[in-house]
Amino acid sequence: GVTMVMTVANVLKIKGRIYTTVKPTETLREFAQHLKDDRIGAMVVTHDGDTLDGIISERDLAYGLAKYGEKLADMKVSELMTKVVLVCSPEDSIEEVMDFMTQRRIRHLPVKEDGELIGIISMSDVVKAHLTGRLMSARLA
């Protein structure tokens, strides 16, 4: 049968290249409000809108709450974010990205093309794309 290779580019086509950013100087209370307003699970941290300073997720908030308690709300995003950000590229296959995310236990992965941030994909985006790819391949077989 024909095998369709689903890539990160395919996911971004469906999802769009939109991603939400938060400044490192914003408080964690502000960050939590963004998550609630936009119904998302993670945000890219950037001080200028271009540079990838880090990534911060709802999981970071949960761990932060356990560690810092009520001090958390007034702390800065920069104090809790993950600074070493692992990224993927549009050409990467969904299989590779899924394995990578599973091994590293990460749920959100920014996408960079020619050094520029073009999107962010989540584990659920990847799983959906993987299943779609399998369905398409089954139909073509």
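Predicted model: local features only at pLDDT ≥ 70, side-chain atom pairs only at ≥ 80, totals over all residues.
## A walk around the model

D125 has 14% relative accessibility, so this residue counts as buried; the cut-off for buried is under 20%.

Stop 1: Is K15 buried or partly exposed? Its relative accessibility is 36%, so K15 counts as partly exposed. As background, side chains of opposite charge can pair when their charged atoms come close.

**Stop 2: R29 and D74.** How many salt bridges does the structure hold? There are three, so let's visit the others. Select R29 and D74: these two form a salt bridge, and their closest N and O atoms are 2.8 Å apart. R29 belongs to helix α2 (residues 28-38), while D74 is in the loop between α3 (58-68) and α4, so the pair ties together parts 45 residues apart in sequence. R29 has a relative accessible area of 48% and is partly exposed, whereas D74, at 52%, counts as exposed. The line for exposed is drawn at over 50%.

**Stop 3: R107 and E58.** Pick these two next. Their side chains meet in a salt bridge of 3.2 Å, N to O. R107 lies in the loop between α5 and β4 (108-113) and E58 in helix α3, so parts that are 49 residues apart in sequence get tied together. Both ends are partly exposed: R107 has 36% relative accessibility and E58 has 35%.

**Stop 4: the sheet.** Switch to a cartoon view and look for the strands. Three of them form an open sheet in the order β1-β2-β3, with mixed pairing. Strands β1 and β3 (54-57) stand at the edges with a single partner strand each, so one side of each has no neighbour in the sheet. Zoom in on β1 (residues 21-22) and β2: they run parallel and are joined by two bridges. Which residue of β2 is the bridge partner of T21? It's V44. For V22, the bridge partner in β2 is V45.

Stay with β2 (residues 42-45) and show the side chains. A42 and V44 are on one side, M43 and V45 on the other, and all of them are buried, leaving both faces of the strand covered.

Stop 5: Most residues other than glycine have a negative phi. Select R39, in the loop between α2 and β2. R39 isn't a glycine, yet has a positive phi of about 50 degrees. At 78% relative accessibility, R39 counts as exposed. Then jump to R105, in the loop between α5 and β4. Here phi is positive again, at about 55 degrees, and R105 isn't a glycine either. R105 is exposed too, with a relative accessible area of 68%.

**Last stop: a charged patch.** Go back to the surface view and colour by charge. Select D48, D50, E91, D114 and E116: together they gather in a patch of negative charge on the surface. Where in the chain is E91 found? Look in the loop between α4 (77-80) and α5 (94-104). With 56% relative accessibility, E91 counts as exposed.

Notes. Residues numbered from 1 in each chain as written. Heavy atoms only, no water. Patch = residues over 30% accessible without salt bridge, like charges linked within 9 Å, V, L, I, M, F, W, Y side chains within 5 Å. Areas by Shrake-Rupley, 256 points an atom, 1.4 Å probe, with all protein chains shown as cover. Salt bridge = Lys/Arg side-chain N within 4 Å of Asp/Glu carboxyl O. Lys, Arg positive; Asp, Glu negative; His and termini not counted. Charge placed at Lys NZ, Arg CZ, Asp CG, Glu CD. Helix = DSSP H or I, 4+ residues; strand = E, 2+ residues; numbered from the N terminus. Buried < 20%, exposed > 50% of the residue type's maximum accessible area, 1.4 Å probe, protein only. Pairing = 2+ DSSP bridges.
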